[in-house]
Amino acid sequence: MLELRTFGKQGMVYRRGHQVVLENERTGEHVAVKVVQYDSVQGWLAENGEGDWQWYREHKQKNDPEETDYWKYIKKAGT
């Protein structure tokens, strides 16, 4: 028997080009972005509507400044 494994968060793999909606955990703001890269430690490197790239951090790390915003995945954009 082969063991099956699910990769990614809840079976979702954030790949380059996917458009997703993220929510700021502090303010509740929602933002739709286009994923450039996803890293399980750093979060999402994504392109916003103006074409600027930015890191959207998912998990707190011990060296993060106090004012760092953290984001969580809500859904695919357009769904």
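Me: In which strand is V36 found?

Reply: V36 is found in strand 2; please bear in mind that the model is a predicted one.

Me: Is V36 buried or exposed?

Reply: A residue is called buried when its relative accessible area is under 20%. V36 has a relative accessible area of 12%, so this residue is buried.

Me: Which residues does V36 touch, leaving aside those up to four places away in sequence?

Reply: With that exclusion, V36 touches R16, L45, A46, E47 and W53. For a sense of spacing, the C-alpha atoms of V36 and W55 lie 9.8 Å apart, while the two residues are 19 residues apart in sequence.

Me: How many salt bridges does the structure hold?

Reply: A salt bridge requires a side-chain nitrogen of Lys or Arg within 4 Å of a carboxyl oxygen of Asp or Glu. The structure holds two salt bridges. In one of them, the side chains of K72 and E23 meet at 3.9 Å, N to O. This pair links distant parts of the chain, with K72 in strand 5 (residues 71-76) and E23 in strand 1 (residues 19-24), 49 residues apart. K72 is partly exposed at 36% relative accessibility, whereas E23 is buried at 17%.

Me: What are the closest N and O atoms' separation and the setting for R26 and D69?

Reply: R26 forms a salt bridge with D69, and their closest N and O atoms are 2.9 Å apart. Here, too, distant parts of the chain are linked: R26 belongs to the loop between strand 1 and strand 2, and D69 to the loop between strand 4 and strand 5, 43 residues apart. R26 is exposed, with a relative accessible area of 62%, while D69 counts as partly exposed at 25% relative accessibility.

Notes: Residues numbered from 1 in each chain as written. Predicted model: local features only at pLDDT ≥ 70, side-chain atom pairs only at ≥ 80, totals over all residues. Heavy atoms only, no water. Helix = DSSP H or I, 4+ residues; strand = E, 2+ residues; numbered from the N terminus. Buried < 20%, exposed > 50% of the residue type's maximum accessible area, 1.4 Å probe, protein only. Contact = heavy atoms within 4.5 Å.
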